[in-house]
Amino acid sequence: MVDFGFYIICGAAVVLLATQAVSNPTAFVQITVFGLADGAMYALVALGYTMVYGIIELINFAHGDVFTLGGYISAAILGFFAINEGSFTAVNLIAIVLVFPVVMLIMGGINITIERVAYRPLRNAPRLAPLITAIGMSFVLEGIMFLWHGPATVHFPDILPHGPQFQTTIGGVFVTFKDGFVMVTAVVLVTLLAIFINRTKLGKAMRATAQDRDAAQLMGININRTIAATFFIGALLAGAGGMIWGLYFNNLFYNLGFRTGLVAFTSAVFGGIGNIPGAAIGGVLIGLIAAYSDSYIGSKWTEVVIFGILIGVLVLRPTGLLGMRVPEK
Amino acid sequence: MALLELRDVNAFYGRIQALRKVNLEVDKGEVVALIGSNGAGKTTTLRTISGLMHPAGGSIHFDGRDITQTGPSKIVELGISQSPEGRRLFPRMTVVDNLFMGAYTRNDKPGITADMDRVFTLFPRLKERRTQIAGTLSGGEQQMLAMGRAMMARPKVLMLDEPSLGLAPILIETIFSIVREINAQGVPVLLVEQNASKALEVAHRAYVLETGSIVKTGTGKELLASEDVQKAYLGI
């Protein structure tokens, strides 16, 4: 019965968008492109939220800051290369290809440390305790970035191919190389994640632990190692997300992760918290919804729309779009 | 020394004592039944053996090693696996993936494949449903999968917790005949059951657990014939 309200609201939104799409198709497609690029980045961050929630039922509020720190660290490492912001050079290409895996691994290591220090000691404590240390970790990471570069916006080198020769207009829709880069990278990373989760022994152990931790232990699965691996992989994606964000928008600031993290968390809830494909889809949908809201409602209303969705989903359909009814234990 | 030996094991949940000086042995080739009513401590006994909880007193030895304080993953590696109460399958994974999880501590690919064939021979139904999601299996099939999953560890002792719970009588027959078959292949079985008459029929030896203490022990036949056991557990 509650689902009914959910369908009505979704239906109304689709009808409104369809009217816009029909009255001005070019603008609609244009907004969709922007939305997909943003959504791809939200998806990368949302996956980390949902994986951690799936395995230890913790909303890791520090995850958004892991994402931002990934951007900060990649900017710092890129500083060691003789990169050229004016035009795309071979050095730029090499720098990007090298820094991606490096920053991902660094963030993975940092996130494992966070888990070890702030969450593992509270594994058997009441649920509220790790939630509070998560918020604490979020402040710690933001504090580190604040000390590092201060409160102002930090420039991220603009080293992806850009400028007139790397953009085009297809049927009135303006598309840049960067849009394509963001989407392709995100799709590649999510595909790799899907293969890892579904095909490898460790990936299966992670799913097993998420589905029944005691039973997983009885199989001989080392729970601590599996949970650490989950944080590691979530941070690989968040670190990549932070670098992609920097490459796309060319600026970062110390508490970027607060808002981005909440939006990504909303995406994870929208898709069904704990559900991995759900987080990817939820991220893309929230990116689209934000873009439509920016253009059709007004950007000052976008946060209201997004967090309205969070409240709406929690009230009307707590399991999210793809959430499955989990049997009561 | 027996293959698996519990000596004076005490266990607590908070301040409530769940096991009181439990002594229990399982030796090579045996089916040992542990019977008793709800809350007697049967599942707790298995939890202490598999390392999910540790005894507050006493010791547990397996294969000549002290495993009293050993963690669950190490215990599976050493050779004790369990089909837990309520089956506890991974509900959103396929039958085959559930079986693979049972072999988690092993790395011998050919051995794992061979054991999976062995499980499929034992439970042809699982072979038919190998790609099905475990949560969608029937109760009987889920029980078979839980037992098959425990077999995948190639255990030296197999522990089965309430394998007949909630199953139709015809399936209960099947499950117990499979227990016999597994044992005939040389795997010792520690069988926890509320269905005492069935358990005592297949067991070589049995223990009766009452509020955390072993109150009676003997061969399956002796206990089946015992008046106390008949009154309390067999409803005769």
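**Chat about chains A and B**

Q: Let's start in chain B. How many bridges join strand β1 to strand β4 there, and which way do they run?
A: This is a predicted model. In it, β1(B) (residues 4–13) and β4(B) (residues 57–62) are joined by 5 bridges and run antiparallel.

Q: Which residue of β4(B) is the bridge partner of N10(B)?
A: That's G57(B).

Q: And what sheet do they belong to, in which order?
A: An open one with 4 strands, ordered β2-β1-β4-β5 in chain B, with antiparallel pairing. β2(B) (16–26) and β5(B) (65–66) each have a single partner strand, so they stand at the edges with one side lacking a neighbour in the sheet.

Q: Which helix packs on that sheet?
A: Helix α1 of chain B, residues 42–49. It touches β1, β2 and β4 of chain B, and its direction makes about 70° with that of β2(B).

Q: OK, what about the sheet with 6 strands in chain B?
A: That sheet is open too, in the order β6-β7-β8-β3-β9-β10, and its pairing is mixed. The edges are β6(B) (80–83) and β10(B) (213–219); each has a single partner strand, so one side of each has no neighbour in the sheet. On average, neighbouring strands are turned by 20° against each other, ignoring direction.

Q: How do β9(B) and β10(B) pair?
A: In the antiparallel sense, over 6 bridges, with β9(B) covering residues 205–210. Within that pair, Y207(B) stands opposite T217(B) of β10(B).

Q: Which strands does helix α7 of chain B lie across?
A: β3 (31–35), β7 (157–161) and β8 (189–193) of chain B. The helix spans residues 169–184 and runs at about 160° to β8(B).

Q: Switching to chain A: at what angle do α3 and α4 pack?
A: About 135°, and the axes are 9 Å apart. α3(A) is residues 63–78 and α4(A) is residues 90–119. The two are therefore oblique to each other, and their crossing is right-handed.

Q: Which residues make the contact?
A: From α3(A), they include V66(A), L69(A), G70(A) and I73(A). From α4(A), V99(A), V102(A), I106(A) and M107(A) are among them. By class, the contact has 12 nonpolar, 3 polar and no charged residues.

Q: Last one: how many residues of chain A are in contact with chain B?
A: 15 residues of chain A, against 20 of chain B. α7(A) (201–211) and α8(A) (213–218) are the elements giving two or more residues to chain A's side, and α7(A) gives the most, with 5. By class, that side has 7 nonpolar, 4 polar and 4 charged residues.

Methods: Residues are numbered from 1 along each chain as its sequence is written. Chains are lettered from A and ligands numbered from 1 in the order in which they are written. This is a predicted model: local features need pLDDT of at least 70, side-chain atom pairs count only at pLDDT 80 or more; totals for chains, interfaces and linings use all residues. Two residues are in contact if their C-beta atoms, placed from the backbone, lie within 7 Å. Ala, Val, Leu, Ile, Met, Phe, Trp, Tyr, Cys and Pro count as nonpolar, Asp, Glu, Lys and Arg as charged, and the others, Gly among them, as polar. Axes are lines fitted to C-alpha atoms, for helices over the stretch in contact, and angles run from 0 to 180 degrees between N-to-C directions. Angles under 35 degrees count as roughly parallel, over 145 as roughly antiparallel, 65 to 115 as roughly perpendicular and the rest as oblique. A crossing is left-handed if the near helix is turned anticlockwise from the far one by less than a right angle, and right-handed if clockwise. Two strands pair if DSSP finds at least two bridges between them.
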